[in-house]
Amino acid sequence: MHVYDVRSRKDHRGVDLISDALPFGRLWYGESNAASNAIDYARFYSRSHDAVIRVYDESGNVIETHEHAGDFKEP
């Protein structure tokens with residue numbers, strides 16, 4: 001199972017998408033809909049795996065949790 005964390009950046013310039021499943025460990029999103037784009041990327045990247053996506057507020061509390069079941073199955 002892949003676990004993704006969407007956290008606000010300390011410099012208040014968007015969010016970080018953090019996971020061991022990502023090739024570089026973290027991605028930075030800085031546009032106005034950054035959290036939504038990070039969640040969409042995590043869903044896409046884990047489309048063949050089960051995943052949990054947790055969204056944190058600035059104080060470190062989980063405010064949203066998304067569970068995604070992998071859609072791709074071997075025949």
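These legends accompany several close-up views of the structure above.

This is a predicted model, in which local features need pLDDT of at least 70, side-chain atom pairs count only at pLDDT 80 or more, and totals for chains, interfaces and linings use all residues. Residue numbers start from 1 along each chain as its sequence is written, and side-chain values use heavy atoms, leaving out hydrogens and water.

View 1. Strands (E, at least two residues) and helices (H or I, at least four residues) are DSSP runs numbered from the N terminus, and two strands pair if DSSP finds at least two bridges between them.

**View 2. Strand 1 has strand 2 as an antiparallel partner and strand 4 as a parallel one.** Four bridges link strand 1 and strand 2, and Val-6 has Leu-17 in strand 2 as its bridge partner. Six residues lie between these two strands in a hairpin, where His-12 in the turn has a positive phi of about 60°. Strand 1 and strand 4 are joined by five bridges, with Tyr-4 standing opposite Ile-53.

**View 3. His-66 belongs to strand 5.** Here strand 5 runs antiparallel to strand 4 (residues 51–56), and six bridges join them. Look for Ile-53 opposite His-66. The His-66 side chain also makes a polar contact with the Glu-64 side chain at 2.8 Å (a pair of N or O atoms within 3.5 Å; within protein, one must be able to donate a hydrogen and the other to accept it, and residues adjacent in sequence count only if both atoms are side-chain atoms). Setting aside neighbours within four places in sequence, the contacts of His-66 (heavy atoms within 4.5 Å) include Ile-39, Arg-43 and Val-55.

View 4. Ala-35 lies in helix 1 and touches Val-6 and Val-15, not counting residues up to four places away in sequence. Ala-35 is partly exposed because its relative accessible area is 29%, where buried means under 20%, exposed over 50% and partly exposed in between (1.4 Å probe, protein chains only).
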